Every structure is written in structure tokens, then in C-alpha cells.
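Visitor: I have not looked at this structure before. Please show me how to read its features one at a time.

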Amino acid sequence: MKLKGCHSTPEISGHSLKRSMLRIMRPDDANVAGNVHGGTILKMIEEAGAIISTRHCNSQNGERCVAALARVERTDFLSPMCIGEVAHVSAEITYTSKHSVEVQVNVMSENILTGIKKLTNKATLWYVPLSLKNVDKVLEVPPFVYSRQEQEEEGRKRYEAQKLERMETKWKNGDIVQPVPNPEPNTVSYSQSSLIHLVGPSDCTLHGFVHGGVTMKLMDEVAGIVAARHCKTNIVTASVDAINFHDKIRKGCVITISGRMTFTSNKSMEIEVLVDADPVVDDSQKRYRAASAFFTYVSLSQEGKSLPVPQLVPETEDEKKRFEEGKGRYLQMKAKRQGSQGQEPQP
């Protein structure tokens with residue numbers, strides 16, 4: 001095992017294609033309490049997905065391509081990962097359409113002193129193959145052989161559902177987070193935050209557009225700042241709702257990542273994060289919305305136990321509307337979790 005960087009091994013089992021990666025967690029991967037940043041884990045998940053999908057899309061003779069991230073489905077952070085633990089990231093292709101690839105990724109944390117392993121994340125990502133000759137050209141995905149017929153039918157349903165939701169989300173996200181002078185504590189304006197980042201070569205693929213994992217890491221960083229400003233305690237990522245990548249971000253763009261609190265329950269905070277790209281070296285293209293997502297954070301005590309969070313005070317009509325929409329998402333996911341627990345077999 002390599003303690004620096006990553007070690008990866010491809011696996012081919014029957015008709016399924018899998019890939020695994022190992023990486024030890026270092027101090028610069030974590031917050032002051034020693035918990036690994038959610039953005040660090042999201043970046044590892046995306047790297048594993050990009051490798052396996054790019055490999056599959058180039059598995060046949062034809063025009064060469066690179067797989068670009070289009071969407072990440074909701075992912076829950078099931079247990080915290082700490083400095084010194086080893087992350088086991090495994091990825092598997094589960095469905096392909098004509099122009100997209102679905103990848104399922106699991107993340108396990110391992111305490112290398114005790115050998116104890118825990119499941120920390122499960123995620124589903126969608127990629128599209130872009131031509132190396134012209135990154136604006138989407139190529140066809142090579143056929144994928146399914147182990148059973150139901151697998152293809154179930155995948156097609158997931159594909160249609162995410163495609164519809166992506167289109168709806170793109171039209172919703174037209175607003176911009178604006179600063180407000182002298183905001184009151186516990187209001188949306190008090191904790192809202194923005195980060196401005198110049199996209200450089202280290203953020204990009206060899207073909208000049210930003211890695212999806214880099215964008216997700218920045219989004220998580222801004223969401224974490226919003227959560228910390230609101231409750232002023234140690235905070236950790238609890239879950240990420242679907243992340244939609246509406247357009248590519250090219251090298252040389254200035255991106256603005258903005259976050260605002262939308263909803264609070266007794267012990268959780270929902271933060272909306274918007275990514276806008278400004279191609280400053282290209283006068284022909286205007287600023288555009290590149291990505292959007294909802295992050296959920298929880299507040300922790302020094303002992304790692306969840307704490308109540310200050311209740312958000314929405315002021316404007318738009319803030320009140322977003323609060324009710326966030327409450328609806330919260331109740332929907334709560335009911336879904338309770339339903340899943342009720343279906344588990346009793347010992």
C-alpha cells in the first residue's frame with residue numbers, strides 16, 4: 001500500500017467493471033476536530049467514477065474521449081472518517097444509456113491499527129463522454145452487458161428520473177446570492193458566504209475543463225463556512241442532495257461559489273450552494289450557472305455528539321418560500337428513512 005497519493009487496481013468480474021482506490025487521510029484533509037472534510041471524500045468519489053467511466057467509454061476502437069461529470073445523486077455521510085484512517089473507494093458501472101454512464105461508488109473507512117472497517121458513503125454519479133478533439137461534442141457510450149435483464153430496466157428508470165430533475169433544476173437556478181449590510185444573527189444574510197476562485201491548470205483535466213471533484217470540494221467548503229457561521233460550533237457534512245453540473249467550467253474562468261442557509265430542523269441545517277462561472281478572457285460568453293446543490297450539515301459537541309442548531313429566521317418572501325421548500329425536502333427524506341428502517345428484517 002502506498003501511503004502517499006493513491007493506489008488503484010482495476011477488477012473485471014464477469015460482465016461488470018469495477019475499480020478500487022486506497023488513500024490514507026492526512027491532517028490537511030480534515031477540520032480542526034480531526035474529521036475529514038466532506039469535500040475531500042466527494043473528490044475521491046468523483047476521481048474513482050471518472051476513471052472507470054472514461055475507461056469504459058474508450059473500451060472500443062473509435063474517437064477517443066474523456067468522461068465528464070454531469071450529476072451526483074443524493075449521498076449520505078453515514079459515519080465520520082478521521083485523520084490516519086484509510087479510505088477504500090470502490091466504483092462500479094451499473095447502467096449506460098446512449099450518451100451517459102451511471103457509476104455507483106462506495107467508500108469504506110479503515111482503522112489500520114484495529115482493522116475495523118465502516119461504510120461511510122454510498123454515491124451514484126452520471127458521466128457523459130466528451131470528444132478529445134472537441135469537448136463540446138458528446139459521443140456515444142459503448143454497449144454494456146448486464147448480468148440480468150431487470151438491471152437494465154431499473155437503470156433506465158433511474159436515468160429518466162435524473163434527466164427530468166436535471167432539466168427542472170437548471171431552470172430554477174437563475175437567482176444570485178446578494179450581500180446584505182449589517183445582517184442580524186440567525187438570518188439568511190448573516191451566514192451567507194461566497195468564495196471566488198480563479199480556475200488554474202491544477203484544477204483541470206488535460207483538456208482544459210475543471211474536474212467535477214474540484215468543484216464539489218469548493219462547494220462543500222463554502223457550505224461548511226455557512227454552517228459554522230450560523231451555529232458557531234464544530235460542523236460536519238451529513239448529506240448532499242443531488243449535485244447538478246449544468247455546464248462545463250473552462251480553465252481561466254473565475255468562479256463564484258455562493259452558499260446560503262435555506263432551512264433548519266432541530267439538529268440539521270440545509271444550505272443551498274450555487275456555482276457561477278465568468279469567462280473573463282472570453283468577451284463573447286456571459287456569466288453562467290455551472291452547478292448547484294443542497295448540502296445538509298449537523299452541529300457536533302467536542303465529544304462528537306449532535307447538538308441543537310439555532311433556528312433560521314427567514315425575512316423576505318423568497319427566504320420564507322425556500323424555507324418551506326427545504327422543510328418539504330427534510331420531511332420527505334425523514335419519511336423515506338423511516339420507511340427503509342421499517343422494511344429491514346427483524347433479528
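Visitor: What should I know before starting?

Guide: This is a predicted model, in which local features need pLDDT of at least 70 and side-chain atom pairs count only at pLDDT 80 or more, while totals for chains, interfaces and linings use all residues. Residues are numbered from 1 along each chain as its sequence is written, and side-chain values use heavy atoms, with hydrogens and water left out.

Visitor: Where does UniProt place the feature "domain: HotDog ACOT-type"?

Guide: The unreviewed UniProt entry puts that feature at residues 15-133 and 189-303. UniProt positions are given here in the numbering used for this model, feature names are shortened, and annotations may be inferred rather than shown by experiment. Residues 189-303 are 20% helix and 43% strand, and the end C-alpha atoms of that span lie 30 Å apart.

Visitor: How is a helix checked, taking H1 as the case?

Guide: Helices (H or I, at least four residues) and strands (E, at least two) are DSSP runs, numbered from the N terminus. The expected span of a helix is 1.5 Å times one less than its number of residues. Helix H1 (residues 38-57) has 20 residues and should span 28 Å; its end C-alpha atoms are 28 Å apart, so the two agree. Buried means under 20% relative accessible area, exposed over 50%, and partly exposed in between (1.4 Å probe, protein chains only). In H1, 15 of the 20 residues are buried.

Visitor: Which residues touch the most other members of the largest nonpolar core?

Guide: In soluble globular proteins, nonpolar side chains tend to be buried together. A nonpolar core is a set of buried Ala, Val, Leu, Ile, Met, Phe, Trp, Tyr and Cys residues joined through side-chain atoms within 4.5 Å. The largest one here has 73 residues, and those touching the most other members are Met 219, Ile 243, Ile 249, Ile 257, Met 269, Ile 271 and Phe 295. Helix H4 (residues 212-231) gives the most to this core, with nine residues. A second, separate core of five residues includes Ala 68, Leu 130, Val 135 and Phe 209.

Visitor: How many disulfides are there?

Guide: A disulfide is a pair of cysteine sulfur atoms within 2.5 Å, and a search of the whole structure finds zero. For Cys 57, the nearest cysteine sulfur is that of Cys 65, 4.8 Å away. Cys 57 is buried, at 6% relative accessible area. For Cys 82, the nearest is that of Cys 231, 19 Å away. Cys 82 is partly exposed, at 30%.

Visitor: Which residues are linked with Arg 71 in a network of salt bridges?

Guide: A salt bridge is a side-chain nitrogen of Lys or Arg within 4 Å of a carboxyl oxygen of Asp or Glu. The whole structure has 18. Arg 71 is linked with Glu 73 and Glu 165 in a network. The Arg 71 to Glu 73 bridge is 2.9 Å, N to O, and both residues are buried. Arg 148 and Glu 154 pair at 3.7 Å; Arg 148 is partly exposed at 42%, and Glu 154 at 37%.

Visitor: Is Thr 256 buried or exposed?

Guide: Thr 256 counts as buried because its relative accessibility is 12%. This residue lies in strand E11 (residues 254-264). Contact means heavy atoms within 4.5 Å. Leaving aside neighbours within four places in sequence, Thr 256 has contacts that include Ser 194, Ile 196, Val 275 and Arg 287.
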